[in-house]
Amino acid sequence: MKKKLFKIIGPLCMMILLSACVNKKEAVDNNENAEKKIFVVSSFNAMTEFAMAIGGDKIEITTIVPSGVEAHDFEPKAKDMKNMSKADLFVYNGLEMEHWAEDILKSIDNKNLVVVEASKGADLIKTSKQEGHEHGHFDPHVWLSLKEAKVEANNIKEALVKIDYSNKSYYEENYKRFEKELDDLKDEYESKIKPLQNKTFVTGHAAFAYLCREFDLHQYSVEDVFAEGEPTPQKIKELVSIGKEVNLKTVFTEENVSPKVSETLAREIGAKTETINTLESEGNYIETMRENLQKIYESLN
Ligand SMILES: [Zn+2]
């Protein structure tokens with residue numbers, strides 16, 4: 001009997017021992033993989049969102065503009081330089097969204113760094129003469145178009161494939177999935193917004209030109225495209241009269257751009273305020289774009 005029991009338990013023990021060995025080996029492998037993750041530094045939230053959508057668990061990412069901080073005026077800190085000097089990939093939007101990017105890239109010593117200017121190849125919108133004089137000649141808010149977001153995500157995908165060719169199909173599948181989410185969202189709101197009569201909305205800074213082009217909308221804003229230009233009394237008067245003319249029901253406020261002015265404006269017009277998120281310093285991309293579109297849609301009804 002004892003012998004028989006041993007015959008059963010013996011191999012069982014061996015199996016447990018063996019599987020423990022295997023588990024240990026797997027754990028070591030996982031550890032090695034974890035260490036091999038591609039280290040990505042991204043300039044601000046929307047770039048991080050795109051990089052994460054494509055890079056998934058193959059990347060480790062850090063974002064330069066902290067959550068909740070105004071992105072246009074931001075200056076990188078010493079720790080950002082340090083991160084960039086050991087990163088595999090740097091993702092930025094370009095078009096003067098990151099006025100500091102070129103200087104940093106010149107000053108760091110990292111020969112292996114792959115740099116992606118995500119807006120490359122996008123269908124750009126020109127800025128006004130005055131804005132263009134002080135900043136870039138193009139509106140940087142490319143990521144706020146669902147169509148141009150694909151261009152940015154695709155540029156990031158190409159860079160990841162270049163760095164990590166063995167996972168090419170992983171990045172491509174992620175891109176395809178993300179592309180479909182963007183297309184679906186665009187289709188859904190195109191058919192909702194198209195029949196509306198009123199297509200004008202007012203927001204904190206002129207971030208939505210690309211979204212407006214996509215959905216045939218029109219934006220007015222308290223601050224300009226680079227979130228500058230404290231509104232003059234004249235400008236506010238103008239916005240109040242536009243708001244009354246189009247029977248505006250909602251004035252959008254952005255957390256980091258003149259929220260008080262937007263609130264005053266809403267009071268003057270007799271409209272309510274609603275938050276809108278430019279994805280410059282926080283928010284999941286698809287979720288936030290859906291919320292933004294839904295809020296704009298409701299405000300126009
Ligand atoms: Zn902006």
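1. A residue counts as buried when under 20% of its relative accessible area remains. Keep that cut-off in mind as you look at this predicted model, because histidine 72 and histidine 141 both fall under it and are buried.

2. Let's start with the chain as a whole. It has 301 residues, and 48% of them count as buried. Its secondary structure comes to eleven helices and eight strands. If you take contacts between residues at least 6 apart in sequence, 66% of them join residues at least 24 apart.

3. Now find the zinc ion. Which residues coordinate the zinc ion? They are His72, His141 and His205, each through NE2, and Glu280 through OE, at 1.9 to 2.0 Å. The angles among the four donor atoms run from 99 to 115°, and the site is tetrahedral. Along the chain, the donors follow the spacing H-x68-H-x63-H-x74-E.

4. Histidine 72 sits in the loop between strand E2 (59-63) and helix H3 (78-86), while histidine 141 sits in the loop between helix H5 (129-134) and helix H6 (146-163). The pair therefore ties together parts that are 69 residues apart in sequence.

5. Next, trace the sheet. Four strands form an open sheet with parallel pairing, in the order E2-E1-E3-E4. E2 and strand E4 (114-117) stand at the edges with a single partner strand each, so one side of each has no neighbour in the sheet. From one strand to the next, the twist averages 20°.

6. You can check the pairing yourself. E1 and E2 run parallel and are paired over five bridges; isoleucine 38 has isoleucine 59 in E2 as its bridge partner. Strand E3 (residues 89-92) and E4 are also parallel, joined by four bridges, and tyrosine 92 stands opposite glutamate 117 in E4.

7. Helix H2 (residues 45-55) touches strand E1 (38-42), E2 and E3, and its direction makes about 175° with that of E2. Helix H3 also packs there, touching E1, E2 and E3; its direction makes about 140° with that of E1.

8. One last thing to look for: which hand does the unit made by E1, H2 and E2 have, right or left? Follow the chain through these three elements and you will find a right-handed β-α-β unit.

Conventions
Residues are numbered from 1 along each chain as its sequence is written. This is a predicted model: local features need pLDDT of at least 70, side-chain atom pairs count only at pLDDT 80 or more; totals for chains, interfaces and linings use all residues. Side-chain values use heavy atoms; hydrogens and water are left out. Donors are N, O and S atoms within 2.8 Å of the metal (3.2 Å for Na, K and Ca); water is not among the atoms, so sites may look incomplete. Four donors count as tetrahedral if all angles lie between 85 and 135 degrees; four count as square planar and six as octahedral if opposite donors are over 155 degrees apart and all others between 65 and 115; anything else is irregular. Helices (H or I, at least four residues) and strands (E, at least two) are DSSP runs, numbered from the N terminus. Buried means under 20% relative accessible area, exposed over 50%, partly exposed in between (1.4 Å probe, protein chains only). Two strands pair if DSSP finds at least two bridges between them. Axes are lines fitted to C-alpha atoms, for helices over the stretch in contact, and angles run from 0 to 180 degrees between N-to-C directions. Contact means heavy atoms within 4.5 Å. A crossover is right-handed if, with the strands pointing away from the viewer, the path from the first strand over the helix to the second runs clockwise.
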